[in-house]
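Work through the exercises below with the sequence and the model side by side. Try each task yourself before you read its solution.

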Amino acid sequence: MGQIIRIGTRESQLAVWQATQVKELLAQHGYTAELVYIKSEGDIDLKTPLYEMGVQGIFTRSLDLALLNNTIDIAVHSMKDVPTQLPKGIIQAAVLPRGPVKDLLVWKGDWSMVNGEWIMPGKAEQQIATSSIRRKAQWLNKFPSSQIHNLRGNVNTRLRKLKEEDWDGAIFAAAGLERINLRPENSIELDWMLPAPAQGAIMVVCREEDSYALDACVHFNDADTDFCTKIERDFLRALMGGCSTPISAYAEMKDDEIHFKGNILSLDGKQKAEFEITMPVWEATDMGSYAAEQILNHGGQAIADSIQHAAK
């Protein structure tokens, strides 16, 4: 019997679901594993808006510390929560095949489809809840009269709050709801909203020197998801973005080509710079950095500067 791989995970239903997927993949390749539950800073403070917490890695740092302290062997993260720069001594071990990428609106009240738009006829000032500054900026860009409310907590908690509050809807990641079978019937995909870089992907990390854990995880690394999420995270890194910056990116591989679309918005959603490109896979290694450069040169730099100025 080989070493038991200790899988660090947050305690939410979604996090445990993701960690269990990794445990089952390890078992398929002959490795024994167990789950180790760890609270993250982002799970303890459920009131402060994420962008006001002002730090990257609030959902991953506790697991990183457990890795470095050798109390776990691998950690499983929603990849969109992972800073583009991993802590020293920790490396990416695998990326699982990507799940649903879109954002969803879970709605209440009298919404209907009008001219291809899901709206509330006669109500300009919609009350929408989200903790994401990216979703907030994109929503206000499209519906500038809306009021945005802070909504924190795991998906179960957020769904409950939506029922309790006098809101018209709340925005969720489709992957988070669908993976644990919580997507309500009163929900609709927001096709016009670009996702966060690496949204819908699951990342496994391990200690740099732990060849046993790394060898175990290589078996289920998905090369296409790995490549596309690298492009998106390169774009995010080049724009120096994190959870306090409204940056979106999505790279999709089809027929040996990569199609990429990314944007950056001002905090109030009034300004937007975006860029879109398609190129062959074999030429796309530096696609994320190139796209970021194009955005910065065509309006993005002024938006990034205004966000940095507002943070001082």
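**Exercise 1.** Which residues of helix α6 (residues 155-164) are buried?

*Solution.* This is a predicted model, in which local features need pLDDT of at least 70 and side-chain atom pairs count only at pLDDT 80 or more, while totals for chains, interfaces and linings use all residues. Residues are numbered from 1 along each chain as its sequence is written, and side-chain values use heavy atoms, with hydrogens and water left out. Helices (H or I, at least four residues) and strands (E, at least two) are DSSP runs, numbered from the N terminus. Buried means under 20% relative accessible area, exposed means over 50%, and partly exposed lies in between (1.4 Å probe, protein chains only). With these terms, the buried residues of α6 are V155, T157, R158, L159 and L162. Next, look at what covers them: the cover includes β5 (103-107), β10 (169-173) and α7 (174-179), where contact means heavy atoms within 4.5 Å. Finally, at the start of α6, a side-chain oxygen of N154 comes to within 3.1 Å of the backbone nitrogen of N156.

**Exercise 2.** In what order do the five strands of the open sheet lie?

*Solution.* Two strands pair if DSSP finds at least two bridges between them. The order is β2-β1-β3-β12-β4, and the pairing is mixed. The edge strands are β2 (33-37) and β4 (90-95), each of which pairs on one side only. Then turn to β12, which is antiparallel to β3, with five bridges between them, and H77 stands opposite M203 of β12. Five bridges also join β4 to β12, again antiparallel, and I90 faces R207 of β12.

**Exercise 3.** Why is β12 described as largely enclosed by the rest of the structure?

*Solution.* Count the buried residues of the strand: six of the six residues of β12 are buried, and therefore β12 is largely enclosed by the rest of the structure.

**Exercise 4.** Is R135 buried or exposed, and which side chain does its own side chain meet in a polar contact?

*Solution.* First find R135 in helix α5 (residues 133-142). Its relative accessibility is 6%, so R135 counts as buried. A polar contact is a pair of N or O atoms within 3.5 Å; within protein, one must be able to donate a hydrogen and the other to accept it, and residues adjacent in sequence count only if both atoms are side-chain atoms. The side chain of R135 makes such a contact with the side chain of D103, at 2.9 Å.

**Exercise 5.** What kind of aromatic pair do W139 and F143 form?

*Solution.* Rings of Phe, Tyr and Trp (its six-membered ring) pair if their centres lie within 6.5 Å; planes under 30 degrees apart count as stacked, over 60 as edge-to-face and the rest as tilted. The whole structure holds seven aromatic pairs. W139 and F143 form a tilted pair, with 4.7 Å from centre to centre and 40° between the planes. By contrast, the rings of F235 and F260 have centres 5.1 Å apart and planes at 65°, so this pair is edge-to-face. The pair links distant parts of the chain, since F235 lies in helix α9 (residues 223-238) and F260 in strand β14 (residues 257-265), 25 residues apart. Both F235 and F260 are buried.
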